[in-house]
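Open the model in a viewer and keep the sequence panel in view.

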Amino acid sequence: MAAALMRGTAVVALATLMMVLSSSTSMSPILMAAAHEEEASSTATPTQPSAGGAKPSVLTTANLREMAPEAYDQYMKLAPEAKAHASAKLDRLRLPAHDGQSLKFAHTGEMYIVDKFPVPEPVSQDEAHERGRRFISDRPPTAYDANGLPIYHSRPGMRNTIVLDFDGHVVTDSESAWGAFDALPFDPSNDGITFSAYEQSLIALIWARVAEDYAPFLVDVTTEPVTVQNRTILHMLITSATQRSGNPMPESDGGGVAFVDIFDSDNTVYYSPALVFYDHLDDGHNAYVADAGSHEIGHNLGLGHDGYFDQEYSDGFAGSTTENSWGPIMGAPYDRAISQWSNGQYSGATNIQDDVAIITDQFGSVADEAGDTAATAAQVTVNTSQAAVAGDSVGFTASGVIATRTDADWWAVVLDANGGIIVTAVPWYASQDNPGNNLDIKLTLYDTDGTTVLASSNPSGTSTAQIDRGALPAGTYFLAVEGAGDPAVFTSDYGSIGQYELDGIIANAADAAAITSTVATTTPVTFACTPDGYEPNNDATKATPLTLAQGSGNASLTYSTEVGGTVCRGDVDFFTLDVCAGGVLNVSVLFTHSVGDIDAALFSGHSLDAIDFAASANDQEDLSFANPYATNLSVSVSVFGYDGAVAPYTLRVLLDCNATANGASGNCMPDAFEPNDDLSAATELDIVGGMSGVISASVCSRDVDAYSVDVCAHGTITASILFDGSQADLDMVLLDASGDTVDTSESTGDRERVQTTDTTGVASVHYVVVYPYSPLDVGAYQLRVDVACPGDNTTMMSCANDLDEPNDTPDTATSVTTVGGVANFNATLCGGSDSDVDVYAVDMCAGAGGRGSVLVKVRFDMYDQQSGSLIDVTGGSNSNATVNVTLIDGGRRATGSMLTPNVVYILYDSPSVGERVYVSVSGAGSAVTGNTTITYSMQVVLNCSATCGADDYEYNDTPETAAPIPVGVTSISAHVCGPVNERDAMDDQDFYLLPACGTGLITVKVLFDHDTAGDLDIVLFSPNGDVAASSDSTTDNERVRVYADAATDGGGGRYMLLVHGYDLSVGARVPYTINLELLCSGLGGSTTTAATTTTTTKATSAAAAATPALAVVNSAVGGGVLAMMTAVVAFHMGIVV
């Protein structure tokens, strides 16, 4: 079957699965690092073990508030269209969570990162000149401009270009998202626009370093000023943090700033240039400016930061020499000898973005100048002028670029007579200060057969490789150049790409005889310390088993051991042991911090996830773990030096199994489908009659359950789980045959649902994955999977009931459990003869001691049961197909209102406390007359304002329920309530409809006591739904003023005011007074001028009576404004429309 054939393509297994699951800040990210290494190891290249307990979670809309409070505040103030753009891009890019510290949003919703690089003091590199590092950075420029700016090009004529702009730049407010500025030129000499010899030398080095970073890609790095920028030109401005006027440059409190992922887009020019402030980088230190420049361009290409554990920027690792320290370009690699693109294969990595793949996807990769085999080898260039006399030794050269970690450049060297080969392979080096190369070279000499290795050189401590080999018969020999890692610092060859040069001699027999006995073919790897007796135990697969001694007497169920070891530079020591069911493990690592700083981590053998991590500045690191399983669990302890530290240590282990003897034998037994923790081991589900039936399973701590399902061409797969949300928060993801995400469900309720319809027309396998939001969560669940195939009556979903059935009456109603006042879940309705009704019970604010409200929002999709195709409910014969939502509260009834054609909601104010209400959901119109299946997501939000109470204008928390201010009322008083508790995502916010102004001046003042009560902000929306003005100061009052123009503002419609709190404390109550001044023609439909008032009395009773109490009062808003403000509702209520 086709699906079975495609199953093999999805064995990206653990790597793909965990990269998908990383969107949760608490979800097993170490699994991703381990999987990444597993994937990399298939290329037969060494990898750095993931030694620490870093948690490479990603930044998403869902965790933005937690990970990036400042950015979240900006995000919440965006206009609806901008907010939607920001949300989509943020979720697509999957930037590291720590990037939230630097993330900001422009008013358009585009995101940018302000880099406050931790720049060190420059390190003297006197030794650098002894290495004779030349050949590229000393290349003269092609020209100088009138001010002495040297013009360089790395790849002239390329479509893709990176412009390093040194001569200043002026833009107007409309030309750039940064706004207007007049940037000064690069001027460390402080002598004006003319470039001094010193500045020219700095520019040469900066250009050369950036050119090295981007050498493997099809892009021209140039210093030639851009005349007309286009979408494939990235503009990097290197300037002062202060403008010519003395004003600061945009976001100039850091070292650089850049918009994210803008290359080759319609708005590349508008979101340019990237900015690097040289006077914040040691006044133009060439290496620092270049590092910052390559970093900012990386942001332009969509790259996030490479961090280290809880640090946003990794500064890499110290070297055993001045030539092999290492740092990631998207971190802070200042003064490191080698800087490289990264994919997170280092200890403590926070980012697993594949930098090289992302850049290659946009720029392309350079062509291979030499083949990867002997058969495709290129010829070295022989210095024929030296070969005037037959038999003389002659020199040869070659140069190229290693473009990827799998690239190897083969060069053919012809010996016309017996002799030898002397050759040195040198990567690009900067001619001053730290080397700055990306490539660490491995050089291999092959015999004439192209397979036999005669010599190989990959010395530790230097990036240069050298081979001297004599006594070679005449023939064609082959030199292979490739990237490598350095086992003394960082073993991965992932980012070891870049420029190199070969410089060699074809020696005659006499010269060859002289070399053979004096020059070694390789330099052995040396350590700064003597490895301990447990080596090699540098990764979990080679972990040293620990033997624990059993205690006696009352301690007979206690086990312990103590071992001594040594961490050498770049070393990681792994030890393994089994923890009894329900047992408690305590591990201590003792050492002398002043000798070397050692850190430690504890990994679960069940999932390779990090259980605990210790990285203090003390002489002891402590780890602990309580086994939640009903079976023994294998764990691994890793011990490693911080920043290349070398130190002896003592490892003490104590295991207490008394808890097991007392009956605490763990609270989770793996279910019958284990092991199914990755896609390659997924449990295959049989779909009979279009459904799998209900499967009972469970997830234990750090568990992932994967299921595979064959889906027919154009078929629709729906999977849902039901569980006890008070016990564990479970989530789901649906993957296609390639392992790519097609749907996710990550609510805080007690059910999840995912769905997709095949659009390829080819039968294929899909994967349903269930996992805990928190790695320690343990819980049982029920899973059901349905597959609907077009035209197949045997798989027609006549009634694919959800897991809540039967819940068709109040007596069988499904009880809704809220967490932090919020519940989200998914369900299904069936139309036709089996018309379905779903009833839910909601307990209103019991014990709150005040009024409560409930928001119910239902978003639905409708499918034809026969074809499985989505039904368009926006027009045509199905325009009356919808969903009825009704809330029943004793004798009171509230009916849902249409927000969009497929979103219905109710906002209901309960008159009493602790009352149970019922919400029913059913099909309406053609949804009940045809063979339809309705899938819907439901959100319930409780607002129990016990300590605050509702004012006279509540509930006006959405644009649809905005309180209208009548003509003639110029002042009203109300209050904003803070969150009910720490998890309440629904802060109080008040919307007001201002009187129609026509054309004129609108001034709104909101008066409050900032220091005593709390901070309020305001936003004024135009009748078109756009943000007309906003005010978010930190003073007592906020004020906005706009000019209303009936010709452009939706025909003179009504402006809308939003008053909301900023970072209010739980239970806060912030009173405020709105003073309204309208100087308008056509006020309220007539020519009126309203005077300013400063009274603080309540509005008239007529205004209070006009406040909607239940659902939307369409007449208060007007159909046109309601339609325009739909997206605003989604924005302010957190509703995904």
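How far apart are the sulfur atoms of Cys580 and Cys657, and what do the two residues form? Select both residues in this predicted model: they form a disulfide, and the distance between their sulfur atoms is 1.9 Å. The pair links distant parts of the chain, 77 residues apart. Cys580 is in the loop between β27 (572-579) and β28 (584-590), and Cys657 is in the loop between β33 (647-656) and α11 (658-661). Check the torsion next: the angle about the S-S bond is -105°, and the link of Cys580 and Cys657 is left-handed. Cys580 has a relative accessible area of 12%, so it is buried. Cys657 counts as buried because its relative accessibility is 9%. The cut-off for buried is under 20%.

A search of the whole structure finds two disulfides. For the other, select Cys997 and Cys1080, whose sulfur atoms are 1.9 Å apart. This pair also links distant parts of the chain, 83 residues apart. Cys997 lies in the loop between β55 (989-993) and β56 (999-1007), while Cys1080 lies in strand β61 (residues 1069-1083). The link of Cys997 and Cys1080 is left-handed, with -95° about the S-S bond. Are these cysteines buried or exposed? Cys997 counts as buried, since its relative accessibility is 1%, and Cys1080 counts as buried at 5%.

Now move to the sheets. Strands of a sheet pair through backbone hydrogen bonds, either parallel or antiparallel. Select β15, β16, β23, β18 and β21: these five strands form an open sheet in the order β15-β16-β23-β18-β21, with antiparallel pairing. Its edge strands are β15 (381-382) and β21 (465-472), each of which pairs on one side only. Zoom in on β18 (residues 419-427), which is joined to β21 by six bridges, the two strands running antiparallel. Which residue of β21 is the bridge partner of Ile421? Show Arg469, which is that partner.

Stay with β23 for a moment and select Asp493, which is in the loop between β22 (475-483) and β23 (498-508). Asp493 counts as buried because its relative accessibility is 4%. Display the side chain of Arg405 as well: the side chain of Asp493 makes a polar contact with it at 2.7 Å.

The next sheet is selected through β43, β45, β51, β47 and β48. These five strands form an open sheet in the order β43-β45-β51-β47-β48, and the pairing is mixed. β43 (814-815) and β48 (892-895) are the edge strands, each pairing on one side only. Within this sheet, seven bridges join β47 (residues 882-889) to β51 (residues 916-924), and these two strands run antiparallel. To see one of the bridge pairs, select Val885 and its partner in β51, Val921.

For the last stop, select helices α7 (residues 197-213) and α8 (residues 286-300). At what angle do α7 and α8 pack? The angle is about 40°, and the axes are 9 Å apart. That makes α7 oblique to α8.

Notes: Residues numbered from 1 in each chain as written. Predicted model: local features only at pLDDT ≥ 70, side-chain atom pairs only at ≥ 80, totals over all residues. Heavy atoms only, no water. Disulfide = S-S within 2.5 Å. Helix = DSSP H or I, 4+ residues; strand = E, 2+ residues; numbered from the N terminus. Buried < 20%, exposed > 50% of the residue type's maximum accessible area, 1.4 Å probe, protein only. Pairing = 2+ DSSP bridges. Polar contact = N/O pair within 3.5 Å; in protein donor to acceptor, adjacent residues only side chain to side chain. Axes fitted to C-alpha atoms, helices over the stretch in contact; angles between N-to-C directions. Parallel < 35°, antiparallel > 145°, perpendicular 65-115°, else oblique.
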